[in-house]
Amino acid sequence: MEDIELYGRVFAPYITYREIDAAIQRMAEEIRVDMEGKDPLYVVIMNGAFMFASELLSYIGTEHEVAFARYSSYQGTQSTFSLKEVMPVSAPLKGRHVVILEDLIDSGYTMQNVKALYLDEGAVEVRIAAMLTKPKALMCDIKADYVGLEIDNDFIVGHGLDYDDRGRMLRDIYKLKE
């Protein structure tokens, strides 16, 4: 793996696809066991979680319903701490066991607000599956129920994560070089 450049900023190799895939397989098994007999609704948070969600759901492999939603709270490399609902969840939540599929939890602001929103809309329970978490960046009282990998508080791109809409399609994950 070599460094990459996006918008004049350099990103160094950080996490290989092999590491990501092993974490996703482990998570899929945990979720399959926990959701057995519950008819869960998996909500994919777009755009970043599309690769993670596709892989995770294929490893879960059971009959399940999938919906999509999109929220925005980032501009460039910084959180705005203002949640914008770009695309509401595309399925009814009332009476459902919901598993939110998210690419990254850093400040926790988005997931704290989305979880509360889904519970307000009638979900029986809301669990969060995050490909990556940044424990040192957490600023809200929220915890993922399923975590692929815990990482340092670096700005990253790849495997669905972007820097102003670039870098999402990289299979590996790269971190910003300062």
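Reader: What makes the charged end of Arg171 count as sitting over the ring of Tyr17?

Author: In this predicted model, the charged end of Arg171 is 3.8 Å from the centre of the Tyr17 ring and sits over it. The distance cut-off is 6 Å, and the direction must also be within 35 degrees of the ring normal.

Reader: How do you know that the span of helix H1 agrees with its number of residues?

Author: Helix H1 covers residues 17-35, which is 19 residues. At 1.5 Å a residue they should span 27 Å, and the end C-alpha atoms are 26 Å apart, so the two agree.

Reader: Which residues of H1 are buried?

Author: Among them are Tyr17, Ile20, Ile24, Met27 and Ile31.

Reader: Why is the pair of Phe11 and Phe155 called tilted?

Author: The ring centres are 6.4 Å apart, with 50° between the planes. Pairing requires centres within 6.5 Å, and planes under 30 degrees apart would be stacked, over 60 edge-to-face, so the rest are tilted. Phe11 lies in strand S2 and Phe155 in the loop between strands S8 and S9, so the pair ties together parts 144 residues apart in sequence.

Reader: Why is Phe155 called buried?

Author: Phe155 has 17% relative accessibility, and buried means under 20%. Phe11, at 1%, is buried too.

Reader: What makes the pair of Phe11 and Tyr163 tilted?

Author: Their centres are 5.9 Å apart and their planes at 50°, so this pair is tilted.

Notes:
Residues are numbered from 1 along each chain as its sequence is written. This is a predicted model: local features need pLDDT of at least 70, side-chain atom pairs count only at pLDDT 80 or more; totals for chains, interfaces and linings use all residues. Side-chain values use heavy atoms; hydrogens and water are left out. Helices (H or I, at least four residues) and strands (E, at least two) are DSSP runs, numbered from the N terminus. The expected span of a helix is 1.5 Å times one less than its number of residues. Buried means under 20% relative accessible area, exposed over 50%, partly exposed in between (1.4 Å probe, protein chains only). Rings of Phe, Tyr and Trp (its six-membered ring) pair if their centres lie within 6.5 Å; planes under 30 degrees apart count as stacked, over 60 as edge-to-face and the rest as tilted.
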